[in-house]
Amino acid sequence: RESDHRAWTPVSYTVTRQNATVQGLTEGKAYFFRIAAENIIGMGPFTETTKELVIRDPITVPDRPEDLEVKAVTKNSVTLTWNPPKYNGGSDITMYVLESRLIGKEKFHKVTKEKMLDRKYTIEGLKEGDTYEYRVSACNIVGQGKPSFCTKPITCKDEIAPPTLDLDFRDKLIVRVGEAFSLTGRYSGKPAPKVTWLKDDIVVKENDRTKIKTTPTTLCLGVLKSVREDSGKYCVTVENSTGSRKGFCQVNVVDRPSPPVGPVIFDEVHKDHMVVSWKPPLDDGGSEITNYIIEKKDAHRDLWMPVTSATVKTTCKIPKLLEGREYQIRIYAENLYGISDPLISDEMKAKDRFRVPDAPEQPIIKDVTKDSAVVVWNKPYDGGKPITNYIIEKKETMATRWVRVTKDPIFPSTQFKVPDLLEGCQYEFRVSAENEIGVGDPSPPSKPIFARDPIAKPSPPVNPEAVDKTKNSVDLSWQPPRHDGNGKIIGYLVEYQKVGDEDWKKANLTADSCPETKYKVTGLTEGLTYKFRVKAVNAAGESEPAYVPDPVEVKDRLEPPELILDANMAREQHVKAGDTLRLSAVIKGVPFPKVSWKKEDHEVSPKADIEVTGVGSKLEIRNTVHEDGGIYSLTVENPAGSKTVSVKVVVLDKPGPPRNLQVSEVRSDSCYLTWMEPEDDGGSVITNYVVERKDVASAQWVAISSSSKKRSHMAKYLMEGTQYLFRVAAENQFGRGPYVETLKPIKAIDPLHPPGPPKNLHHVDVDKTEVSLVWNRPDRDGGAEITGYLVEYQEDGADEWTKFQTVPMLDCVVTGL
C-alpha cells in the first residue's frame, strides 16, 4: 500500500520463492509491503515492513566528470574547470577530487582540498617549465567514481596572445538627443588586456549618465539620455604587453537647431514690403540647416501669417504689408530632426522712409596719439535709403567753427583715423551720415580729447641688483625701464620678502619717495635672507616687477679692495712743468680700505695734497717741477686683501745742459765742436741745439747755429789769433735748457807740424877724421820758422845713429870720425 493510503493492494498469489519483484510502482512514492504464507489449509498471518520504502533507482558511484578544460596557464599556476557527471550515481555529489601527474612519473597525486564542490580550481606553486596532466573524479555517498579523461600535457609558462577586438558598432553612429546609446564588443588576449575608452582623445570617466562595463571577454560603453555634448570620436583601446588594438566610432548626437541669431535686421523698409536678414543658429543640432520658416504678424493682432517655409538663405523679403501698420517677424530654423525655437524681431512700421539719415549717436574716440585719433560711431537709421557716406568734422574745444577732416568718402567703415592734429590741442569730433536724399544731422560732439601720445604702464626696471649691504640694510640699484609708456616715471616702489614668506612688504609707500634708480632698504633683521623686487610707476600705474636675481643674506659685507682707475691713472701720465699734477681713482671695498700713496717706494713730497673720501682718493701737486716726476703708487688695503696700482709721471720741462763739450781741429779761421745729449731731455724729444761764441774781450755772445739736430758743429769765420769761448744749449718743445760752456778760451791759430826733410844733402870736403856737409832748406817749415838742423852720423854696418850737434845754418863740419 502507499504510505498515505490505508488499503492494501495484492501483488502476487503464486509466489513460491522467498522473493518477488513488485512492478507498476511510481518512482518517488513511499510504500509499505506485507507477505503471508499460504498452504493447503489456508493463509497464514501477514508480516509487514517496519518502515516505508521510497521507490527510486539503486545508488552507485557517480559517472566520470565531463569537459575537463584548462582555462589559464602561467609560469607557476594552472586553472582548470569541469562539468558534473551526466549521472551522479543516484546520490548528490559530495566533493570532487582533482589529481595531477608530473610527466615522467607514474602516479597521480591529489591536489584539491577536502570537500571541494566548486568546479573550478587553480593549482598554484608549480615550477616553471614542468609539464603536468590532470584528471578529476566525483564522489557521492557511495564513494569516488571514475576519473575524467586526462587533459593534454600542460607546461607551466606564461601564455601570450596579442589582443583581438570584435566590435558590434559601425564607424558612425547617429543618436537623437535624449536617447541612450551603447558601444559594445568582445575582446581577448593573454595576459588579460587593459581596456581604455577615449572621447576626442580624452579619457572617458563614468558619471550619472555614462557607464562603462568590462568583463574578461566583453566591453561596453553606455550613455543614458544623450546630449549634444556627447558627440565626438570615441575610441576603445585593448592593450597588453604584446600589442594593442583600437576601434573607433564617430558618434553624432543630433537635435533640432538652436534659434537663429538675432537681432533681425531690417535692411529695407517700404510701405508694402520689407527686406530682413539674420544670422544662422550657433548650433545646427548636428545636422545641416535645411530650411528657414519665416512668419509675419501685425503688432496689434495675435495671428502669425506664413511668409515662406522654403528658404536656406539668411535674408528674406516680407511682401503684402499695409502701409502704416507695425509688424513683427519671427524666424525658425529647421533641420532633419526638428524645428528650432523662434527668433522674434522688434516692431517695425511699414512706410517709405526716404529721408536723410538720422544723426549718429555720440562718437567714441580711441587710439589717441600726438597727431591723430580714431573716431568710432554706430550706424544710424539710414532714412530708408542706404547710407553712402559719413562726414566727420573736428574743432578745437575753444573754437566755434567745425572743420571737415577729409573730403574723401568714408563708407562702409564706421571708424576713421583723423590725421594732422596739433600736439597738445584739445579737440571734439562729430559725425553726419549721408544718403542719396542728403546729409543728416550731425551727432552730438564727442568727449573732448587732448592730442598727445597715450600713456601706458612702463616696462619693468632693468637689472636690479644688491650693490651693498650691512647687518640691517641692503642697498639696491637698477636702471630705468626700457619703455616709460610715454609718461614720465614718477618714481619706483621697492618691495622685499623674507625667504619662506608669501607676502611682499613695501620698503617705501609711495613712488615719489624713490625718484632715483637706487634705494636703501632698512630695518632688516641680521642673518635672515630676503628677496627684493622693484616696480616703475608712471601716471598710468605700476609696471610688472623686476626681481633681484638672487636672495640676499643681511650681514656686514667683507669685500676685498677694488680700484677703478680714472683716466689720469693710466700707465704713464705727462704733466707740463708749472701745471698741476692730479692722480685719482675710485676705491671700493668693505670695510673701506686704508689708502697710502708712495713715490719710488718713499713718502711723497710734502708739497703734495692727498685727499681720501668714502668713494676714492686724489693726489694733487701744484706748480710741478721736473723733480716731481717718477713712479707713483697707490695702495689700498683692508682685512679682505690689498691692491696696488702704479703710474709713471713725466713732468715735461726744458732739457738739461748738454754734456762733455769738446773743441778740436782748431785752425786760424775755424774749429770743430762736439758734445753729448743732456742727461735729462725734459720728457720730450730734443728738437735742436743752439751754439754760440764770444770773443774773450767782448761781453756779447753771438749765435753761430740755432737749428742743428746733430751733436757737433764746425765753427767757421774765426779771426786768426783771436781767443774765443763757446757754449751749447739743447731745445725741446718746452723751451731752451741751460748752456754748457768751454772751460778755457780757444785761440784761432793753425796747428804746428814738424818741418819737412832738408834737401840735397852732400859733402864738399873729406879728411881722415872729419867731413864737411852742405844742404838746402826743406820745402815746408811746418807752420813756424826753422830754428836749426840736427846732424847725425852712423858707422857703416851699424844699426844706431849717433847725434852730432844742432846747427843754425845750412852747413856743418862733422869731426871726431
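Residues are numbered from 1 along each chain as its sequence is written. In this predicted model, local features need pLDDT of at least 70 and side-chain atom pairs count only at pLDDT 80 or more, while totals for chains, interfaces and linings use all residues; side-chain values use heavy atoms, with hydrogens and water left out.

Strands E2 (residues 34-38) and E3 pair in the antiparallel sense over 4 bridges. Strands here are DSSP runs of E with at least two residues, helices are runs of H or I with at least four residues, and both are numbered from the N terminus. Two strands count as paired if DSSP finds at least two bridges between them. The link from E2 to E3 is a hairpin of 4 residues, and isoleucine 35 has threonine 47 in E3 as its bridge partner. Strand E3 (residues 43-48) is hardly covered, with 0 buried residues among its 6. Buried means under 20% relative accessible area, exposed means over 50%, and partly exposed lies in between (1.4 Å probe, protein chains only).

Strand E33 (residues 389-396) is joined to strand E36 (residues 426-434) by 8 bridges in the antiparallel sense. Asparagine 389 has glutamate 434 in E36 as its bridge partner.

An unreviewed UniProt entry carries the annotation "domain: Ig-like" for residues 163-252 and 561-646. UniProt positions are given in the numbering used here, feature names are shortened, and such annotations may be inferred rather than shown by experiment. Residues 163-252 are 0% helix and 64% strand, with the end C-alpha atoms 28 Å apart. Residues 561-646 are 0% helix and 62% strand, and there the end C-alpha atoms are 16 Å apart.

The largest nonpolar core has 20 residues, and those with the most contacts inside it are Leu583, Trp597, Leu619, Tyr632, Leu634 and Val649. A nonpolar core is a set of buried Ala, Val, Leu, Ile, Met, Phe, Trp, Tyr and Cys residues joined through side-chain atoms within 4.5 Å. At least two residues of this core come from each of the strands E49 (581-590), E50 (594-599), E53 (616-621), E54 (630-638) and E55 (641-652). The side chain of glutamate 620 makes polar contacts with the side chains of arginine 582 (2.9 Å) and arginine 622 (3.2 Å). A polar contact is a pair of N or O atoms within 3.5 Å; within protein, one must be able to donate a hydrogen and the other to accept it, and residues adjacent in sequence count only if both atoms are side-chain atoms. Leaving aside neighbours within four places in sequence, glutamate 620 is in contact with Thr580, Leu581, Arg582, Lys607, Ala608 and Asp609.

The structure holds 0 disulfides, a disulfide being a pair of cysteine sulfur atoms within 2.5 Å. For cysteine 220, the nearest cysteine sulfur is that of cysteine 249, 13 Å away. Cysteine 249 in turn has the sulfur of cysteine 235 as its nearest, at 11 Å. Cysteine 220 is partly exposed, with a relative accessible area of 22%, whereas cysteine 249 is buried, at 0%.

Note on methods: Contact means heavy atoms within 4.5 Å.
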